[in-house]
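Hi everyone, thanks for coming. Today I'd like to walk you through one protein chain, so please have a look at it with me.

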Amino acid sequence: MFCRPYLKTIHIRIICVLIISLLFLYNIYFFSSISEYLSASQKPLISCYFEDKLPNSLLELNPLEVDRNSIFFIETSCKHKNGINLNLRQGCAIESAAKLNPNLKVFVLFVSPTFINNKSDVIKRLDMYSNVNFRHINFVNYSLKTPLQDFVTSNTIFTSHWPVSHTSDLLRFLTLWKFGGTYMDLDVVLMKSLEGITNFASVESNTSVASLILNFGYDDIGKTIANIAVNDFAKNYQGNNWGYNGPGVITRALMKICNTRVITNMNKQNCKGFMVYGQEAFCPIAWTDWALYFNSTTSAKVMNAIENSMGIHVWNLHSKHTPIIVGSKQPYGLVAQKYCPDIFSSAKDIF
């Protein structure tokens with residue numbers, strides 16, 4: 001009689017431990033299954049990387065045609081079954097770079113083995129710039145004999161929750177490792193020439209250096225940072241972390257080069273000649289305030305804030321569905337009208 005309450009307590013404890021253990025095991029299984037499902041569901045988004053080229057496919061990028069300090073854009077989606085499919089805003093980014101840098105080659109690289117669609121008005125307008133070149137790169141072949149070869153051939157990119165974006169991260173660092181020059185995102189509008197400027201990046205926040213525009217030179221410092229970046233990507237890749245493989249890579253690389261973990265201490269002197277521009281250079285409007293680029297009411301204030309910027313990043317991830325009304329005072333539209341006039345003029349009502 002005396003022992004019964006004690007036995008009941010033991011039984012309850014055992015039952016509780018069993019329930020907790022089962023819940024723990026279930027959570028492991030459930031979340032690993034979700035992770036596997038997410039990864040598997042993303043695979044079709046990059047299936048075109050492994051398709052055969054057609055007879056009319058874009059020319060393969062020839063390393064011999066790449067000049068020093070060329071400018072690179074990289075399109076990693078598979079939305080090109082019917083030919084190159086660039087929207088107006090992507091075209092604007094390319095035109096701004098080509099127009100402001102007439103002496104530099106501009107390469108628009110497609111991972112999809114696509115072809116030029118003669119019906120595309122955006123492509124026709126970009127073709128007017130003799131320094132714009134559309135090229136294909138084979139995802140696997142492009143990585144051969146580089147520090148990212150094993151990563152690419154292992155198909156690790158398939159484990160990403162955002163394979164299109166993470167492939168873009170991979171290819172920007174790999175391209176600059178191979179050729180040097182400048183990489184730009186397709187949602188950056190350039191406002192000043194880059195000719196004569198090498199070895200630079202730009203801050204996007206107090207805790208992060210941006211990977212939306214990067215220049216690695218042919219000199220020792222440029223090559224050193226490129227080596228650190230590609231090896232960091234291969235070693236530390238995280239498929240379930242959006243920014244770890246892009247801004248995270250260049251931030252960690254510069255922490256090593258500049259010997260500091262404080263972003264505001266990254267300057268040309270501390271970083272061995274590598275320039276880290278402040279947020280005002282390319283990110284005068286933070287991602288949390290992206291809507292300001294689309295707000296006519298505060299247009300004067302925003303235009304004043306970006307007056308001395310080298311370019312603007314319009315945070316396409318957040319802003320892609322927000323319209324620019326042609327003829328409005330929306331800041332993004334005003335910038336586009338000035339720096340990509342041919343593309344902007346082709347917009348009828350909405351840019």
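I'll start with the sheet, move on to the helices on it, and then turn to some charged pairs and a surface patch. Please keep in mind that this is a predicted model.

Let's begin with the sheet. Seven strands make up an open sheet, and if you read across it the order is β3-β2-β1-β4-β7-β6-β8, with mixed pairing. At the edges sit β3, residues 132–136, and β8, residues 275–277, each pairing on one side only. From one strand to the next, the twist averages 30 degrees.

What does mixed pairing look like here? Take β1 and β4: they run parallel and are joined by two bridges. Within that pair, Phe-72 has Tyr-183 in β4 as its bridge partner. Now step across to β7, which pairs with β4 in the antiparallel sense over four bridges. Here Gly-181 is partnered with Phe-216 in β7. Strands β6 and β7 are antiparallel as well, again with four bridges, and there you can find Phe-200 opposite Asn-215.

Next, which strands does helix α2 touch? Helix α2, residues 88–100, packs on the sheet and touches β1, β2, β3 and β4, and its direction makes about 170 degrees with that of β1. Helix α5, residues 163–179, lies across β1, β2, β4 and β7, at about 35 degrees to β7.

Now for the charges. The model has eight salt bridges, and I've picked a few. Glu-51 pairs with Lys-81, with the closest N and O atoms 2.7 Å apart. This pair links distant parts of the chain, 30 residues apart: Glu-51 is in the loop between α1 and β1, and Lys-81 is in the loop between β1 and α2. Glu-51 is partly exposed at 35% relative accessibility, while Lys-81 is exposed at 55%.

Are Arg-172 and Asp-169 buried or exposed? Arg-172 is buried, with a relative accessible area of 5%, and Asp-169 is buried too, at 7%. Their side chains meet in a salt bridge at 3.5 Å, N to O, and both lie in helix α5, about one turn apart.

Another pair is Arg-252 and Asp-232, at 2.7 Å. Arg-252 is in helix α7 and Asp-232 in helix α6, so this bridge ties together parts 20 residues apart in sequence. Both residues are buried.

Last stop, the surface. Trp-162, Trp-242 and Leu-317 form a nonpolar patch there, with about 290 Å² of accessible area together. Trp-242 sits in the loop between α6 and α7 and is partly exposed, at 38%.

Note on methods. Residues are numbered from 1 along each chain as its sequence is written. This is a predicted model: local features need pLDDT of at least 70, side-chain atom pairs count only at pLDDT 80 or more; totals for chains, interfaces and linings use all residues. Side-chain values use heavy atoms; hydrogens and water are left out. Patches are made of residues with over 30% relative accessible area and no salt bridge: like charges are joined within 9 Å, nonpolar side chains (Val, Leu, Ile, Met, Phe, Trp, Tyr) within 5 Å. Accessible areas come from the Shrake-Rupley method with a 1.4 Å probe; for residues, only the protein chains shown count as cover. A salt bridge is a side-chain nitrogen of Lys or Arg within 4 Å of a carboxyl oxygen of Asp or Glu. Buried means under 20% relative accessible area, exposed over 50%, partly exposed in between (1.4 Å probe, protein chains only). Two strands pair if DSSP finds at least two bridges between them. Axes are lines fitted to C-alpha atoms, for helices over the stretch in contact, and angles run from 0 to 180 degrees between N-to-C directions. Contact means heavy atoms within 4.5 Å.
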